[in-house]
Amino acid sequence: MPSTASTGKPAPWFLDDHEEYANKNGDDNTLASFRWSANCSEDAKHSDYTIEVTTTCTSTASTTASSSNNKDDNKQEKRTTNRITTTYYVHKSVLIFAGDRKSEYFERMFDTTLSVKENTESVSKIELAHAVAVAFPIMLDFIYFPFDMNPEKKDIEVSTSNAVPLRVLSNYFGIRGLHQLVNTFINLDLSVNTCIEYMVNAEACSDVKLISAATEACAEFFDDIESNALLSLSPERIQQVVSVASFNSMNGERFSVKIMDYMKAYPELLSKHPDAFQSILCCEKMPSIDISACVFFLLLDVDDKVYKCTSKKSRCLYDRCIASYGDKWSVHSSVEDQLKTLPIEVQNDLLCAALSSARVMTKQIVPRGSQVLMRQKTLKTCEGIRFNDAAKREISVSGAGFRAANGIYVLSGLYNEHPSYEKGAVIDGIECVISIVNLDGCWWISRLYANEQDGDDIDYYRFVVDDEVNEDIYPDLDNIVAVVVRDEYLPRPTMTYINW
């Protein structure tokens, strides 16, 4: 091999990219070309070095084993581990004289002052993760590109799918040009659409630095990441994302839906390790809950046994669900069937939250038509939870000496385990709500106050049931007699159900 006089070191024996030579057959001039090979092809015969890349692949197969009593079949998972070795035939000169595409790893190995087994036997045996090894041929293409004189040959294309393993390989084998190329690509490509894929690939390739960068990106873009994309991440990784200082969830309700979808996808983990989602459900990360997710989270925390908020608040998750439902009671139709699966005491808490919200909305007295329309929304809440008699939704009160008591009362919720009805009124110039409720076995038309400081409840009429055998939770308007609480409220009113 020729040497360089000034340095005494071996000079490259391969031709320059633009140098021409005449082949042995006297044909037209052409350029020298080197190609790596992964099989015993013609190219492999001219190689002077071998790289053996071994990966470990684990496959899982479901098997069914019958129990001793032959009554039950137990499904078991059988894991099989396979070691796969791929042999690559390469050229030493290409690996170490490729400019910024060279491998500093092999350059050090081939140093004549070192006597290592890989150098003396001309073979390197390397263990790589499967996710990294799949990009090994692309790395070789990058190194060999200047030496493959095929005019149709194109340089490698870095993509979201191969960038991470190429980055790991460029670090491992010391290929500066590839490392710079890949890092530049990742910096430009890392976005809301790709951050999850980079996270998954970085974990598979054990790229710690890129895992950190992808985690930061996921935290920043979390609001805009699709729920299905999150399913690719482990629960531990999700917790790390929401724990990042830059975590950005501008919409807590949308966050709650994403977490609900994610938790539903991991039922086994949810049942065996419910605390895996502890920090995710904290009120600091999920201050409000979408109404479509309320029932799911209520069922998780109905016993208040597991989900303890980091703020140390009692029943924090439960209370947030109840409050969120109350705020959105008028748009709950999509969860009516789910509400029936909740314990009755939870249903009652939901009703109270909805009615409290409804009272705030109806403080301002509106025309009867609008009032009925607004109250029918509350009615739907009642139907979905407990009441289903369409013929007893509204009560007409007429003939009362206390004129404010006359009007249409709409089913509004639950009071002492019985339906309650409400209507708006103006008494002494003050807007208020008059109710029909059951107390101590009697039905009352009263003005109720939510807080004692607002005033004492005022009873106008009491209705006594004639038929003591009546077990209907609704008022039996055919068999009740009105009793005037004070003479000034005479005459007595009559009540009838309205069928629209």
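## A strand pair to start with

In strand β8, W444 is the bridge partner of V437. The two strands involved are β7 (residues 430-439) and β8 (residues 442-447), which run antiparallel and are joined by five bridges. Strands here are DSSP runs of E with at least two residues, helices are runs of H or I with at least four residues, and both are numbered from the N terminus.

Before going on, a word on what you're looking at: this is a predicted model, where local features need pLDDT of at least 70, side-chain atom pairs count only at pLDDT 80 or more, and totals for chains, interfaces and linings use all residues. Residues are numbered from 1 along each chain as its sequence is written, and side-chain values use heavy atoms, with hydrogens and water left out.

## The eight-stranded sheet

Strands β7 and β8 belong to an open, antiparallel sheet of eight strands, in the order β10-β9-β8-β7-β6-β5-β4-β11. Two strands are taken as paired if DSSP finds at least two bridges between them. At the edges stand β10 (480-484) and β11 (494-498); each has a single partner strand, so one side of each is left without a neighbour in the sheet. On average, neighbouring strands of this sheet are turned by 30° against each other, direction ignored. For that angle, the axes are lines fitted to C-alpha atoms (for helices, over the stretch in contact), with angles running from 0 to 180 degrees between N-to-C directions.

The loop between β10 and β11 is where you'll find P491. The peptide bond leading from L490 into P491 is cis, with omega near -5°.

## Two nonpolar cores

The largest nonpolar core has 87 residues, and those with the most contacts inside it are I51, V90, F106, F136, M139 and F297. Helix α15 (residues 291-301) supplies the largest share of this core, seven residues. Apart from it lies another core, of 26 residues, with Y409, L411, I436 and L477 among them. What counts as a core is a set of buried Ala, Val, Leu, Ile, Met, Phe, Trp, Tyr and Cys residues joined through side-chain atoms within 4.5 Å. Buried means under 20% relative accessible area, exposed means over 50%, and partly exposed is in between (1.4 Å probe, protein chains only).

Take F136: leaving aside neighbours within four places in sequence, F136 touches I51, V53, Y88, L128, L169 and F173 (contact means heavy atoms within 4.5 Å). V53 sits in strand β1 and is buried, with a relative accessible area of 3%. Beyond its neighbours within four places in sequence, V53 has contacts with I84, T85, T86, Y88, I126, L128, A133 and F136. V53 and E127 are 74 residues apart in sequence, yet 5.9 Å apart in space, C-alpha to C-alpha.

## Aromatic rings

Searching the whole structure turns up 20 aromatic pairs. Rings of Phe, Tyr and Trp (its six-membered ring) pair if their centres lie within 6.5 Å; planes under 30 degrees apart count as stacked, over 60 as edge-to-face, and the rest as tilted. Y105 and F106 make an edge-to-face pair, 5.0 Å centre to centre with 85° between the planes. F106 is buried, at 2% relative accessibility. F247 and F255 have ring centres 5.7 Å apart and planes at 70°, so this pair is edge-to-face too; F247 and F255 are both buried. Ring pairs also link W36, Y49, Y88, Y105, F106, F110, F136, Y172 and F173 into a cluster.

The charged end of R101 is over the ring of F142, 4.3 Å from its centre, and K423 lies over the face of Y409, at 5.9 Å from the ring centre. The test is NZ of Lys or CZ of Arg within 6 Å of the ring centre and within 35 degrees of the ring normal.

## Three serines in loops

S47 is in the loop between α1 (42-45) and β1 (49-66), and at 19% relative accessibility S47 counts as buried. Leaving aside neighbours within four places in sequence, S47 is in contact with Y89, V90 and H91.

S122 has a positive phi, near 60°, in a residue other than glycine. S122 lies in the loop between α4 (117-121) and β3 (123-127) and is partly exposed, with a relative accessible area of 23%. For S206, phi is near 55°, again a positive value in a residue other than glycine. S206 is in the loop between α9 (195-204) and α10 (208-221), and counts as exposed at 58% relative accessibility.
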